[in-house]
Structure formats: structure tokens, C-alpha cells
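Biologist: Could you take a close look at one part of this model for me, the aromatic rings and what sits around them? Start with the wider picture of the contacts, then zoom in.

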Amino acid sequence: WAMQEHLVNRWHSELSSSVDGDPVVALSWLHNGVKLALHVEMSGSTNFGEKFSRVKFSPSLTLFGGKPMEGWLAVTASGLVAVALLKPGGGAAGGPAPLLTASESLCRLRGRVALADIAFTGGGNIVVAATDGSASSPVQFYKVVVSVVSEKCRIDTELLPSLFLRCTSDPLRRDKYPAVTHLKFLTRENSEQVLLCASNQSGSIVECWSLRKEGLPVNNIFQHRSPVVGEKQPTILKWRILTTTGDLERVSAVALPKLPISISNTDLKVATDTKFCPGLGLALSFQDGSIQILHRLSLHTMGVYYGPPSEEPPLLKRPRPGPGPGPGPGPHFKALQFSWTSLALAGVDNQGKLHMLRVSPSMGQVLDPSTALRHLLLLLEYCMVTGYDWWDVLLHVQPAAAAPLAERLHEEYTRQNQALQQVLAARVVAAKASLCRLSAAAAPRASDLHAKLLLMAVGATLKSLLRPHAPAAPDKSPGERLSEICAKNTDTDIDKVMLNLKTEEFVLDGPPLQSLQQLIQWLGDFVLHLLASLPQQHQQGATATTARPGSGFLRDGASLGLLREMLVMIRIWGLLKPGCLPVFTATSDTQDSLLLLFRLLTKLWLCARDDAPPQEPDDSLLDECCLLPSQLLVPQLDWLPAGRGVTVRLQAARLPLRLAFGRCPAPCAGGSSPPPDAQKVDHLRCVHMGVLPTEESKACTRCGCVTMLRSPNKTSAMKQWEQRWIKNCLCGGSWIKLEFSLNLA
């Protein structure tokens, strides 16, 4: 299944494979060879590479050049392992990629498989654990090797050491737990630790086993012979029990941690000393509705949740006369899943309701504020490096801690090397914007960060249109030369700055320039709005808490410098195609708007440039900016998209929130929502869609940015801009299709 048009609420089936008449009991994608380890010991380091190290791990199957091959592996109830591989290159006439399929028995004597799980080894092999469901039967393990030979898929299997449950050898529990109800490898990349749960009708017991290499004892006959140089004692692999729980309520679901925390002795000691618990606990849900978080190695209890509150009164029925079954179990979870940082737990109960639980990073242990902030910062940095969404980290950020956490994240980001900073630039800005939206006091900062995301994207797109005039590739691209010249030239006259540029590199055809006018107009309006708000922002100071955005750009020399470069490009393009220039409403017909804005913007940039000590804007600049609204009409800008998500409602809402599928949540208390007759804005194309848009729209699930689903543009330049946001929003969030009744952005 794949997202239809990259919308998270629209899916369609692309490819399928089946084993007719044989139910599937375990299913997994093949491993792509990417594995990270999070080192809690290095949480104080300034280098992301030391905190999150790449672990040597081979893909399950590789193509030419070592590229991992995509596909999936299934285990069936009759003991069959089936593999489907996606052939690269696509099918005929550009259709979907065909599949290579194969199936093979796990062992020579096929038997019933009630439960199975799949894990991967660092060498590229696959390990399958299987049981027939009886606690008295062994839990079998198999090594599966997938290969492609002569365009055909081949599967080789090998039997590995097996184990018997410890409870079956205990005289007091031999017949107490007759069935194995859960079988899980502790992590997907660790085939040497397995979790087993045996149950009866009312209770369960959980065991954790580890595969270890042990020396094979040698008979006395062979111990007296002279040893051979370099000879080692023979070893075998053997399953040893690590720990077991006592008698528990009947387990209904198991969730294993996804955070790849290193479990070396040093890392575990630091995690224990600092009370850092994410990635160390696994969750067990019981039929009484409760959940326990157990330590993944010792299985001791770290936290307890006592079940969802009942919303409806119990349904009363007249009891039937005579013997019959008793009342069924109450509400309890049938499936559980940890989030990527293990700070949230999602569960589906036996009544079909979805629950979201917040899991404390310290499991309720009291922490000083600096340590708690450092834990959240480490997990935010992990999301930056991996690309995972940080929504579950936001669940634990208090409004007062949002701005300090955003500043700490920025400080750690600036300590990385330039190459990594360039890769993570947009992601860090988006994370800071998400944090600032949690606090009403930081809302102006969130607006500035969203505007900065759009500015960075527009700047990169416009610079990418420039082409060198000479056929031979120069040392620097036209965009890099533009940045270098604008940084050195501090002249406030835009025409004098243009004289130092090779204007032939800015020559573009008419249609692309005209199609970009809406983005160019946004740049012009943005500069005008920023300069017009300067006197008020300067008067209120840096600690202003009003909802007027723009204060974040007054000290941002890099963003102001980028705006100068954009105005220079627009000036040159305006000479070639006057229709692409931004339109300003001036009080004088002789007013050169771009010349005026560039002069004021350069004076502001000189006060905030990075290679000089910061200065306060002088009185002449403030006076000129005060006169700006009397010279040019300052437009209203839609700075911050309206948030639709649940995260922004958690701070002021009474928990738990009650939501329904397919219904837009009501605006949170104290939140501002646009009036019904307000103009709807396409935040990516920077155009108005009217009060009641007829075009289908999509919205970002993270920031609330709204844009039209179908492109109204035909030119290649504007399509190039739109193609950048086909899969994800400016902030990196996923798209969701808006229904007509929800189209209220």
C-alpha cells in the first residue's frame, strides 16, 4: 500500500503477493542496512556523531553497488517462509515494479506455526522464531538467507538452537500456563534476545532469554594431548534465561521500545544515574485494562497505568437462567506500539478505540529542570539526525520550557560542522517553530520561524534558476557569487550593487519570470512589512510579548542578507520583464519602491551582519521606517498557519481529550481562529483562494499550512517550486487531504 498523492488519509494498493489458503502469522520488510545507536554516555558531547553513531549493519539483500533491495518476508501458519522482492527499474510502460516471489519450508518437517517473529543480524541474515503455541513444545529458531540467482529469488533455511520455556520445567508451574501467547525479539536488529509470554485463562508469565556463546567441554581423553598452537576451545550457541516475572494478570498485548539506545555497561550506568528511561522499558497490557512498563533486561516494574476511564455506563442485561459463560473481559488493549522516541504509547482496545498515552522520560522520577531539559534535548537531536517526527517529544514540553529548549537546540546545531548544518537547517527551524507554538508568549517567534522556512525555500529556488553564461563551469555558481558580492558590497544603492554582477547570468525567458511573480510579490511584501514594523519593535524591545511578528528578523543578519540578494535579483529581472516585479501601492507616481526598500534594508542589515558587532538602528533609519507607511501601503500578511493538530490543544485542554475519527477538533480554549468570511490563503503558492474555495486542498499535519491539491500553473519554473512540496510540507510534515467541511484555513 502507498499514499495516494502523498496524502496520509488516502491510500491505495500497489502490489501484492499471497500464499493461497495459508494464513500469515508474521510479516516484516527486509532490512535496509541502516542502524544507529544512541549513546547516553555522550549526551554532554557537542558532536552529533558521538551521540548517535552508525552501526555496521548489512542489508538483507543488496543490488549492484551495495544498494539495499526492497521487499518483504512472511511466515505462514503451515511453517512456510515466503519472500516478495521489488525488482528495480519498473515494469513495462512505466507501470509498477514487478515482484520476484519465492517460498520455502522453514525446515524439512513442516509443522503448525501459531506465533512467529522476525529479526535481522548484522551480517545480512534473517532469523525467524516460531512456536506451535504449546508451552510444552520447543520454540524453534531458523536462519533464513535470501538471494537472487539468474533473476529468480532463492531462499535457504537453517535450523538454529531452540529453547524450552523455564515455566515448563518448574514443578509448580508445569501445567499452569499451557499456551504461548506472545513471542517477540526485543529489537528488530537483535536476534539474540527474545521475549516469551505463556498464559492460561486468567494469568501469564513472561520470560526473557538470551543467546550466548559457550565453551564446549572436552572429554578427559583429549585433555592430555599436547595442544596445537593457535587452537581454540570449541564453542556452541546456547539459549540462557536472563530473567522472568512472577505470576501476572493475563497479558493482552506487548510493545517493545524503538529507541536504539546503547545497552553497554557504561551507557546503562549513565542512564540509571541520570534517570533517563526512554528505550529501556517494554510495555505489557493486561486484561484488567492496566499497562505495566518493565525494564527490558531485568523485567522489574518501572511504571504502571491503571486503564482507560470508562466513558459509557455498563450495559445492563437480564441474566439468563441456568449455567452459562460469565461476563467477558472489560475494556483492555489488544495492540500496543511505542513511538520512535518511546515517549508515547498508542493502543487499540477491544472496543475499537484508539488511545494515546504519554510516557514520562524519567518514569515519574523527580528531576531537576536542567536534567529534564537535557533529556528532551537529546531526543530532539535524535529526531533531527534521523528525520523522525518529534511530536512525541512535544508532549512533554511545558510552555515555559519551550523557548529555552528551542534556544538550546539552536546552540547545539551551531556547534556542528558546516556540511551537517546545511543538511539540518530547515529541520531545526521547523522544530524550533513547533516548540514556540506550544507557548502563547513565543507565538511571534513561531511566526518568524515559519516565515524563515518560506524565505529559505524561495531563496534556494530563485537561485537555482541562475545559469553560468560561459559553457565552462566556474569555480562558483552564480548564486554563490551573488551572495559573495552582496556580502562585501555595503552600498545602499541597489543599482550600484548591480554593476558588480554579470547580468547575463540572470537572463531568463519571459514565461518563467512571470509565473514566479507571486513568490516575488511575497518577498516584496515581506520586506515592506518587516521595515514598517521596525520602529514599534525597537520601541517595545526584545522582550515584547505582543502577537506582532518580525522581531526575530531584526537581529538575523543571514536572513536580512538573503533578502538583499533577492531584491537585487528582482531588480535585474524587472529590467528584462517588468511584469514580474512586485506591485506596491505608492502615494507618489515617481516613487521607486525597490530602491527605497533596498536602501532601508541595507541599513538594517549593517546593524545585524554576522561579521561585525551588533548595533542598534540609528534614529535616521527609524524615522525613515516611520514614514514608510505614508509612502507605501503596508499589506496584511498571513504569518502563521492555523494549527489543526492535537498537540497544540494539549497545553490548555483538560485531559484526556475526546476525539472522533473524521471530525475536526474544536478550536482550543483561548486560541484564535480566523473568521468564517476571511480570505483563505494558499501558503505555498502565496495566493488567495477566496472565502469559499472550490479547489481541493491539502493541509500539513504538523504546522497547518494549506495549499491546493492540484496545480493551476503550467510553466516549468512554478512546477519546479511545487514539485519540492509534493511529498512533504515546508516544515517536513506530512500532507492530509481536507474535506470540504474542514477547508477552513
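Modeller: Of the contacts (heavy atoms within 4.5 Å) in the protein chain between residues at least 6 apart in sequence, 65% join residues at least 24 apart. Keep in mind that this is a predicted model, where local features need pLDDT of at least 70, side-chain atom pairs count only at pLDDT 80 or more, and totals for chains, interfaces and linings use all residues. Numbering runs from 1 along each chain as its sequence is written, and side-chain values use heavy atoms, with hydrogens and water left out.

Now the rings. Phe, Tyr and Trp rings (the six-membered one for Trp) pair if their centres lie within 6.5 Å; planes under 30 degrees apart are stacked, over 60 edge-to-face, the rest tilted. That rule gives ten aromatic pairs. Take Phe526 and Phe553: their ring centres are 5.0 Å apart and the planes stand at 80°, so this pair is edge-to-face. Phe526 belongs to helix H12 (residues 517–532), while Phe553 is in the loop between helix H13 (534–540) and helix H14 (557–576), so the pair ties together parts 27 residues apart in sequence. Helices here are DSSP runs of H or I, at least four residues, numbered from the N terminus.

Elsewhere, Phe48, Phe52, Trp340, Tyr382 and Tyr388 make up one aromatic cluster. Over the ring of Trp340 sits the charged end of Lys258, 4.5 Å from the centre; that label needs NZ of Lys or CZ of Arg within 6 Å of the ring centre and within 35 degrees of the ring normal. Arg564 likewise has its charged end over the ring of Trp605, 4.3 Å from the centre.

Key: Helix = DSSP H or I, 4+ residues; strand = E, 2+ residues; numbered from the N terminus.
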